[in-house]
Amino acid sequence: MIEGTERPAARSVKVVRRPELSFWEKLYLPQVICGLKITTTHFFRNLFLHTAHLLGRLKHLRAGVTVQYPEELRPLMSRYRSRHRLTVREDGTPRCVGCMLCETVCPARCITIVPGEHPDPNVEKYPVRFDIDLGVCVYCGYCVEVCPEDAIRMDTGILDLSAYSREAMRLDIHELMNPELRKPLSACSLDFPHQCALDEGHMKGSWKSAH
Amino acid sequence: MLEVLIIKIILAAIVLFAVLNLAGFHTWVERKQSALIQDRIGANRATIFGVRMLGMFHGMADVLKMFTKEDIVPQGADKSLHALAPFFSVFFALVTFAAIPFGDQLVLGDRVINLQVADIDAALLYVFAMLSLGVYGVILGGFASRNNYAILGGLRATAQMISYEIALGIAIIGVIMVYGTMDLSELVRAQGRLVGGWLPLWGIFTQPVAFFIFVTAALAETKRIPFDLPEGESEIVGYFVEYSGMKFGMFFLADFLETIVVASLATTLFFGGWQVPYLMPDGFHFPWGAELSVPQWMYALLGVASFSIKGLAFCFLFMQLRWTLPRFRYDQLMSLGWKGLFPIAVANVVVTAVVLVLPGEAPQ
């Protein structure tokens, strides 16, 4: 390298020396006691709070950050995307008009819609079949955003979606319209046309009940 | 003769019952104490008929699980040694308790019972011999598994035990010099004297340096964090990597048993064992002149309670240390043992000797 042309980076290098331990730190013992102080403070604070909670006192102070999941649910953000549901009209029929927009936009192709002619001439179509395969769904929320009728939402707050088979992960229109209905609906045939075994096939809120 | 035998068997049964239950209890304590330290709740799901008991049944569930698990012996392992190793570990941890006095004499009728399973003259030597043999199980376990990680763990255990046993032994020499006995019950009795009429002559006051060396080295003997290099679960899994089922459970149990051994030893040597401050065999003699007479059975019971409370406090302290400190690096461990504890222990012996020999300076 030519003299006088040292790289600017070389001058801006900052040397950080590793901090040397002082005598007291090298002794270990004071530092061990410092550490013990922290853990012991936590221990007795939490012990006191747990005892107080058992006696019904000081409930506003948390003793642990643990959320006891099945009994205690964490609050969800209002925009959290949970299991889908189909919204319904006042007469209990699905709001969906079978426009196929959600099926088209779905990047995972998990939505299957079979539209049918609606008896009301003001409504073009209704979904004869509306399936969402949750085993495939990526929870992107595009179906909710694309829907012109506000017919599909992801606001049920249902998170514990699990099943013993891929088949059981498929939601049919009954489950989508009624979030209370939960799998496993082994008795419920998922073949077309849907014959929901619950309520002897006359489920309230179903598109069938309108006729 | 038969009566003596029966008494000894009862004493041994009491000690075994207490110690084994405490070791089982330790699994619960470990879970809950760590949970409280780390702002968690800890295992609480195991129930018996809907009763949770703060998760105390998890220990039982663990034992059931371990007993019903498959016992795997690796191919090429030395089968007999592999099976023997966990038994060695537990056995030597258990027999150590025989020499530890957990109370003073109990007078029943005209019979005087020493609350100690075995009255050994050189109890201290016996205890340390058994404590040292405890590592045999670990080494055998590592050696017989025919697994590189296991043998690494076993070798680490060997090196660690040898390094720390020396510091441990030399730290004890100071105590032996001060009290002039190796009989543990005599040693505890000697700690009952008062200095200046108010300060009990406990080991912690006569040998404070030895106490810290002893606790550090003894923690290293228990192979628990911060000295858990033989196990080192994040690097080599350890000497019991090839063990499953209850054989693994026994190594686990031996770990807790050794913690209890060390806690009781620290109590016996440095905190006056079963001594209650100002409690003489006929009752309390407070330094401000007050006196309170206590029946003999009460005196014996208070002694046992005192020993238990001190021992449990040490168990708590060790558990707290285990959840406070990170693991030592191997070179740090060796340099702490050889460059730190060992010279300080030797210096402690020399200073103690000088102080004892100087006329009028001796604490006796």
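## A sheet in chain A

Strand 3 (residues 125-133) of chain A runs antiparallel to strand 5 of chain A, and 2 bridges link the pair. Strands here are DSSP E runs of at least two residues, while helices are H or I runs of at least four, and both are numbered from the N terminus. To count as paired, two strands need at least two bridges found by DSSP.

## What you're looking at

This is a predicted model: local features need pLDDT of at least 70, side-chain atom pairs count only at pLDDT 80 or more, and totals for chains, interfaces and linings use all residues. Residues are numbered from 1 along each chain as its sequence is written, and chains are lettered from A and ligands numbered from 1 in the order in which they are written.

## Strands in chain B

Now for chain B. Strand 1 (residues 105-108) and strand 2 (residues 111-114) of chain B pair in the antiparallel sense, with 4 bridges. Leu106(B) sits opposite Ile113(B) in strand 2 of chain B. This hairpin has 2 residues between its strands, and Gly109(B) takes a positive phi near 65° there.

There's also an open sheet of 3 strands in the order 5-6-7 (chain B), again with antiparallel pairing. Its edge strands are strand 5 (279-280) and strand 7 (291-293) of chain B, and each pairs on one side only. Strand 5 of chain B is joined to strand 6 (residues 283-285) of chain B by 2 bridges, and Met280(B) has Gly283(B) as its bridge partner.

How do the axes of helix 2 (residues 57-68) and helix 9 (residues 245-270) of chain B cross? They come within 6 Å and cross at roughly 135°. Axes are lines fitted to C-alpha atoms, for helices over the stretch in contact, and angles run from 0 to 180 degrees between N-to-C directions. Under 35 degrees is roughly parallel, over 145 roughly antiparallel, 65 to 115 roughly perpendicular, and the rest oblique. Helix 2 and helix 9 of chain B are therefore oblique to each other.

Val63(B), Met66(B) and Phe67(B) in helix 2 of chain B meet residues of helix 9 of chain B, including Met246(B) and Phe248(B); contact means C-beta atoms, placed from the backbone, within 7 Å.

Terms used
Two residues are in contact if their C-beta atoms, placed from the backbone, lie within 7 Å.
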